[in-house]
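Okay, thanks everyone, let's get going. Have a look at the model on the screen, and I'll talk you through a few places in it.

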Amino acid sequence: MTGGEAPPGILVLHGPNLNLLGTREPEIYGTTTLFAIDEELVKRAAARGYSLHSFQSNSEGALIDRLQAARLQETARGVLLNAAAYTHTSVALRDALAAVRLPTVEVHLSNIHAREPFRRRSLIAPLCLGTICGFGAASYHLALEGLIGYLSADRMRTLP
């Protein structure tokens, strides 16, 4: 980065019901709020030279619009995506990921493979660099480190 350039950006997309973190089924999702997760991610990204912008919506279309805007406006070099329930159901979100071709890490607070059978199938995983799940709020931290490591290595691969 030279003087006056904005740091490279990372977009964090949070899907439906994640705005209720901290109170929603704490035995599954923990007691950390979405605000606290985002606040920590911003600090961790800044310490590594990245800007981070978070967006949460309960609407599938709004998540797709934000993902497309990040690509079209060139504001993000990579994405952390917790699509929540849309992970298992949204062909539209999967197609948006394929279209924007931004390096993406799938994130889940709970271990989706140890839950109900319908949660074990991810439509978005084949388009992601990897999936981090099962570590509560730390899943986001681990995903961020993985994405930054990938971006910093400057080995942007062609995504499927």
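I'll start with the helices, then go to some loop residues.

Quick housekeeping first. This is a predicted model, so keep in mind that local features need pLDDT of at least 70, side-chain atom pairs count only at pLDDT 80 or more, and totals for chains, interfaces and linings use all residues. Residues are numbered from 1 along each chain as its sequence is written, and side-chain values use heavy atoms, with hydrogens and water left out. When I say helix or strand, I'm going by DSSP runs, H or I of at least four residues for helices and E of at least two for strands, numbered from the N terminus.

Which of its residues are buried? Leu93, Ala96, Leu97 and Val100, where buried means under 20% relative accessible area, exposed is over 50%, and partly exposed is in between, with a 1.4 Å probe and protein chains only. Look down the α5 axis and those buried residues fall within an arc of 100°, so they line one face of the helix. The arc, by the way, is taken over the directions from the helix axis to the C-beta atoms.

And what does that face pack against? The buried residues of α5 pack against α3 (60-72), β3 (78-82), α4 (86-89) and β4, with contact meaning heavy atoms within 4.5 Å.

Let's take the α3 part of that. The axes of α3 and α5 are 10 Å apart, and the packing angle is about 0°. That makes α3 roughly parallel to α5. From α3, the contact uses Glu60, Ile64, Leu67, Gln68 and Arg71, and from α5 it uses Ala92, Leu93, Ala96, Leu97 and Val100. For the record, axes are lines fitted to C-alpha atoms, for helices over the stretch in contact, and angles run from 0 to 180 degrees between N-to-C directions. Under 35 degrees counts as roughly parallel, over 145 as roughly antiparallel, 65 to 115 as roughly perpendicular, and the rest as oblique.

There's another helix pair to look at, α2 (residues 34-47) and α6 (residues 138-152). Their axes come within 10 Å and cross at roughly 30°. So α2 is roughly parallel to α6. On the α2 side you've got Ile37, Glu40, Leu41, Arg44 and Ala45, and they meet Tyr140, His141, Leu144 and Ile148 of α6.

Okay, back to the end of α5. What follows it? Arg101, with a positive phi, near 55°, and this is a residue other than glycine. Arg101 sits in the loop between α5 and β4 and, at 38% relative accessibility, counts as partly exposed. Ala84 also isn't a glycine, and its phi is positive at about 50°. You'll find Ala84 in the loop between β3 and α4, and at 13% relative accessibility it counts as buried.

Now the loop between β4 (104-108) and β5 (130-133), starting with Ser122. Buried or exposed? Ser122 is buried, at a relative accessible area of 17%. Its side chain makes a polar contact with the side chain of Glu106, at 2.8 Å. A polar contact here is a pair of N or O atoms within 3.5 Å; within protein, one must be able to donate a hydrogen and the other to accept it, and residues adjacent in sequence count only if both atoms are side-chain atoms. A polar atom of the Ser122 side chain also lies 3.0 Å from the backbone nitrogen of Ala125. Leave aside neighbours within four places in sequence, and Ser122 is in contact with Thr87 and Glu106.

Leu123 is in the loop between β4 and β5 too, and it's buried, with a relative accessible area of 16%. Leu123 and Arg94 are 29 residues apart in sequence, but C-alpha to C-alpha they're 6.3 Å apart in space. Beyond its neighbours within four places in sequence, Leu123 is in contact with Thr87, His88, Thr89, Ser90, Val91 and Arg94.

Last stop, Ser110, again in the loop between β4 and β5. Ser110 counts as buried at 8% relative accessibility. Not counting residues up to four places away in sequence, Ser110 touches Ile28, Tyr29, Arg115, Cys133 and Gly134.
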